[in-house]
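Dear colleague,

Please find below the structure that I am handing over to you, together with its sequence. My findings follow directly after it.

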Amino acid sequence: ANTAVTRTAATATSDLFSPFLPACGRSVQGSMTLSRLSTETDLLHLSAELDKRTHKLKRLVQSPNSYFMDVKCPGCFHVCTVFSHAQSVVMCTACSAVLCIPTGGKARLAEGSSFRCKSC
């Protein structure tokens, strides 16, 4: 009789928290990843678009999201090397114009400046 009472108490507790718990015991992040990938997706030959969207550590071959780029100054056309995720304002070495402004992630290039990826 005691086991029946404890079972019902356990199911009642799990029913209270069921909207907050992930389905089938999987983590929430794992279920999101599984919903993105269908059963017909070839995991060995992912498309470049799907591979780019996945986290850098969860790719088949780990690769960083950051890169170095050559940025051409719009004023003097001098080329400077800038990190894609720069955390400080980058100035042109020739004319002291602002080339990129940091944001939370990737650096935002100034108006009129063009860039080329070094490692892409």
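In what follows, a residue is called buried under 20% relative accessible area, exposed over 50%, and partly exposed in between, with a 1.4 Å probe and protein chains only. The model is a predicted one, in which local features need pLDDT of at least 70 and side-chain atom pairs count only at pLDDT 80 or more, while totals for chains, interfaces and linings use all residues. Residues are numbered from 1 along each chain as its sequence is written, and side-chain values use heavy atoms, with hydrogens and water left out.

Overall composition

The protein has 3 helices and 6 strands (DSSP runs numbered from the N terminus: helices are H or I with at least four residues, strands are E with at least two). From the N terminus on, the order of the elements is α-α-α-β-β-β-β-β-β. Of the 120 residues in the protein, 16% are buried. The accessible surface is about 9200 Å², and carbon and sulfur atoms hold 60% of it (Shrake-Rupley method, 1.4 Å probe). Among contacts with a separation of 6 or more, 27% join residues 24 or more positions apart (a contact means heavy atoms within 4.5 Å).

The three-stranded sheet

Strands β2, β1 and β6 form, in that order, an open sheet of 3 strands with antiparallel pairing (two strands pair if DSSP finds at least two bridges between them). Its edge strands are β2 (79-83) and β6 (114-117), each of which pairs on one side only. On average, neighbouring strands of this sheet are turned by 30 degrees against each other, direction ignored (axes are lines fitted to C-alpha atoms, and angles run from 0 to 180 degrees between N-to-C directions).

Strand β1 (residues 68-72) is joined to β6 by 4 bridges, and Lys-72 stands opposite Ser-114 in β6. The pairing of β1 with β2 is antiparallel and extends over 5 bridges; here Asp-70 stands opposite Thr-81 in β2. These two strands form a hairpin with 6 residues between them, and Phe-77 in the turn has a positive phi of about 60 degrees. In β2, Cys-80 and Val-82 make up the covered face, whereas Val-79, Thr-81 and Phe-83 make up the uncovered one.

The aromatic pair

The structure holds 1 aromatic pair (ring centres of Phe, Tyr or the six-membered ring of Trp within 6.5 Å; planes under 30 degrees apart are stacked, over 60 edge-to-face, the rest tilted). Phe-68 and Phe-83 form this tilted pair, at 5.1 Å centre to centre and 55 degrees between the planes. Because Phe-68 lies in strand β1 and Phe-83 in strand β2, the pair ties together parts that are 15 residues apart in sequence. Phe-68 is partly exposed at 46% relative accessibility, and Phe-83 is partly exposed at 33%.

The salt bridges

There are 2 salt bridges in the structure (a side-chain nitrogen of Lys or Arg within 4 Å of a carboxyl oxygen of Asp or Glu). In one, Asp-70 meets Arg-116 at 2.7 Å, N to O. Asp-70 belongs to strand β1 and Arg-116 to strand β6, so this pair ties together parts that are 46 residues apart in sequence. Asp-70 also meets Lys-118, at 3.6 Å, N to O; Lys-118 lies in the segment after β6, 48 residues apart from Asp-70.

With kind regards
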